[in-house]
Amino acid sequence: MMKDSNFNQAKAEAFSETLVETLNKSAIALALSIGDRCGLFKVMANLPASTSKQIADAANLNERYVREWLGTMVTGRVVNYFPETQTYQLPAEHAAYLTDEGEYNFASAMQFVPVLAGVEDRLVECFEKGGGVPYTAYPRFQEVMAKESDQTTVAALESHIIPIVPGLDAKLKAGIDVLDVGCGAGRAMITLAKRYPNSRFAGYDFSDEGIAAANAEAAKLGLDNVRFEVRDAANIGETEAYDLITSFDAIHDQANPSGMLASIAKAIRPDGVYLVQDITGSSYLEKNLDLPVAPWLYTISLTHCMTVSLAYNGEGLGAMWGEERAVAMMKDAGFQNVEINHLEHDFMNTYYVATK
């Protein structure tokens with residue numbers, strides 16, 4: 001490469017150092033995902049400093065693989081190592097962000113990395129030829145997304161999300177009709193159905209896998225106030241049937257998001273509420289430079305949200321459609337008032353309350 005007179009060698013070397021850091025952190029991310037799937041963090045959180053064999057035995061895993069994985073964890077400064085005893089310890093402060101029992105399980109969220117990386121070959125082909133990668137190319141996406149939803153949405157429904165809408169808790173206790181569009185495995189509606197037995201809940205999604213899982217769980221729990229169906233979000237086919245409609249992280253990857261919003265506006269009653277959770281950020285790239293998770297969100301959009309929509313000849317809206325465009329699209333669909341909310345527990349999403 002030819003270097004012009006303005007080439008700044010120090011700046012170039014500093015950038016190369018950030019790339020080394022990125023390479024290391026990408027490796028740590030993959031190892032964190034493996035650790036979560038193998039249950040290693042949960043096991044280590046309940047062990048004192050232990051040898052690799054003791055950890056492997058406690059987790060019922062192969063010691064050689066556990067020892068090599070621990071090499072990544074130690075050099076990545078995730079796990080402490082004591083060479084004099086050849087023992088490993090997961091600090092409690094780290095366990096708080098690597099297990100389901102803690103503040104937030106980042107190790108679980110790291111599972112998105114291998115799931116999304118698994119479509120790289122097909123994505124490169126899309127760069128060359130256009131089109132998109134369909135949902136069927138992501139065999140574990142529903143499973144990983146459900147775990148993420150448990151952390152950010154389901155666990156916060158009662159404490160953070162329902163209180164966004166004044167008086168909603170009382171209405172749910174009295175009994176109203178609720179629909180979740182893009183319900184996935186139905187965990188949000190199942191949680192609410194258990195909490196509010198006088199209300200009637202429904203969930204629609206075009207994923208056969210998600211709806212099957214939702215119906216199986218509802219049947220297992222013996223819930224008779226919730227139902228799940230495979231339906232096209234852009235053609236719900238109902239008019240003024242619901243007092244509350246929700247969409248949790250479901251609009252931006254639709255093939256026809258404008259049609260979805262219009263269909264929801266038609267299905268909601270005149271005094272009803274549309275409660276939306278969707279990826280945070282601005283519709284303007286330059287306003288996202290200081291957003292802490294911006295590179296991650298744009299990459300999720302590239303490797304899943306945008307391309308899935310394009311695979312079905314959709315708009316390809318993408319995860320980073322942003323608050324400005326979200327508000328405009330909801331108003332175009334027929335919602336007169338759209339209120340934006342940010343919740344302290346959820347740094348990745350914006351919450352919208354839309355009414356007619």
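Which residue in β4 is the bridge partner of leucine 179? In β4, that partner is alanine 202.

First, the ground rules. This is a predicted model, in which local features need pLDDT of at least 70 and side-chain atom pairs count only at pLDDT 80 or more, while totals for chains, interfaces and linings use all residues. Residues are numbered from 1 along each chain as its sequence is written, and side-chain values use heavy atoms, with hydrogens and water left out. Helices (H or I, at least four residues) and strands (E, at least two) are DSSP runs, numbered from the N terminus.

Now the sheet. Strand β3, residues 177-181, and strand β4, residues 200-205, run parallel and are joined by five bridges. Two strands are said to pair if DSSP finds at least two bridges between them. In general, strands of a sheet pair through backbone hydrogen bonds, either parallel or antiparallel. Here seven strands make an open sheet with mixed pairing, and the order is β5-β4-β3-β6-β7-β9-β8. At the edges are β5 (226-230) and β8, each pairing on one side only. From one strand to the next, the twist averages 20°.

Two helices belong with this sheet. Helix α13, residues 208-221, lies across β4 and β5 and runs at about 160° to β5. Helix α14, residues 257-267, packs on the sheet and touches β3, β6 (242-248) and β7 (268-279). The direction of α14 makes about 145° with that of β7. For these angles, axes are lines fitted to C-alpha atoms, for helices over the stretch in contact, and the angles run from 0 to 180 degrees between N-to-C directions. Contact means heavy atoms within 4.5 Å.

Next, the aromatics. There are twelve aromatic pairs in the structure. Rings of Phe, Tyr and Trp (its six-membered ring) pair if their centres lie within 6.5 Å; planes under 30 degrees apart are stacked, over 60 edge-to-face, and the rest tilted. Tyrosine 104 and phenylalanine 347 are an edge-to-face pair, 6.4 Å centre to centre with 65° between the planes. This pair links distant parts of the chain, 243 residues apart: tyrosine 104 is in the loop between α5 (92-95) and α6 (106-109), and phenylalanine 347 in the loop between β8 (337-341) and β9 (349-355). Tyrosine 104 is buried, at 12% relative accessible area, whereas phenylalanine 347 is partly exposed, at 42%. Buried means under 20% relative accessible area, exposed over 50%, and partly exposed in between, with a 1.4 Å probe and protein chains only.

Tyrosine 135 and tyrosine 312 form a tilted pair, at 6.4 Å centre to centre and 35° between the planes. Tyrosine 135 is partly exposed at 23%, and tyrosine 312 is partly exposed at 36%.

Last, the backbone. Most residues other than glycine have a negative phi. What is the phi of asparagine 60, positive or negative? Asparagine 60 has a positive phi of about 60°. Asparagine 60 lies in the loop between α3 (52-59) and α4 (63-75) and is exposed, with a relative accessible area of 71%. Glutamine 86 also has a positive phi, near 50°. Glutamine 86 is in the loop between β1 (80-82) and β2 (87-89), and its 52% relative accessibility counts as exposed.
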